[in-house]
Amino acid sequence: MKTRRLVALAFLVALSTALHYFEGFIPLLSIPGYRLGLSNLVSLFALYYYGIPSFLFVSIARVFLVALIASGFGPTFLMSLSGCLFAIVGTLLVHRLVKGSIFSVSAVSALFHSIGQLTAYAIFFQMPYIFVYLALLGPISIATGLAIAFLDRLVVKRLPSSFREEESRRRKQ
């Protein structure tokens, strides 16, 4: 991996971690366990701009970095990791197999993240009835996934064309 790309990915992990931390201060809805998923802006950007390996790195590294900095490696970490892994599976299924749009990829990713977190919660606390909560969390997750995709498209459109062209040339090599 070239130094420039490594630095870019490190920056994306740091940005993703900062957004994760920042969104904890946004009292949007008083729904337990609900977050906007602002850090997924960065993961989605990494997927479409740098490719699948970079997406995997940014997504998983963020979970571990947040655990190191803030939450520790207890139940919160396990729920976060489970959500991340489920979201990765959903993302890759829609992105690679279905060739879905950024909107479908993001919506499915958000929904799978919620399912993954509820799965970890159900296993860790032995409460399978927690999946009832998906009736509330599911539609909200899909809506936020769509909003994140919209914001991500705005970011990509705002990138200088020289920046996008340079990455396109790098991919062709």
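Mentor: Contact here means heavy atoms within 4.5 Å, and helices are DSSP runs of H or I, at least four residues, numbered from the N terminus. It's a predicted model, where local features need pLDDT of at least 70, side-chain atom pairs count only at pLDDT 80 or more, and totals for chains, interfaces and linings use all residues. Residues are numbered from 1 along each chain as its sequence is written, and side-chain values use heavy atoms, with hydrogens and water left out.

Trainee: Which helices do the buried residues of α3 pack against?

Mentor: Buried means under 20% relative accessible area, with a 1.4 Å probe and protein chains only. Phe55, Val58 and Arg62 are among the buried residues of α3. The buried set packs against α1 (3–23), α2 (39–50) and α4 (75–98).

Trainee: Are α3 and α4 roughly parallel or antiparallel?

Mentor: Their axes, lines fitted to C-alpha atoms over the stretch in contact, come within 10 Å and cross at roughly 170 degrees, on a scale from 0 to 180 degrees between N-to-C directions. Residues that meet include Phe55 and Val63 in α3, and Phe77 and Leu81 in α4. Angles over 145 degrees count as roughly antiparallel, so α3 and α4 are roughly antiparallel.

Trainee: What angle do α4 and helix α5 pack at?

Mentor: Helix α5 covers residues 102–125. Its axis and that of α4 are 6 Å apart, and the angle is about 145 degrees.

Definitions and conventions
Buried means under 20% relative accessible area, exposed over 50%, partly exposed in between (1.4 Å probe, protein chains only). Helices (H or I, at least four residues) and strands (E, at least two) are DSSP runs, numbered from the N terminus. Angles under 35 degrees count as roughly parallel, over 145 as roughly antiparallel, 65 to 115 as roughly perpendicular and the rest as oblique.
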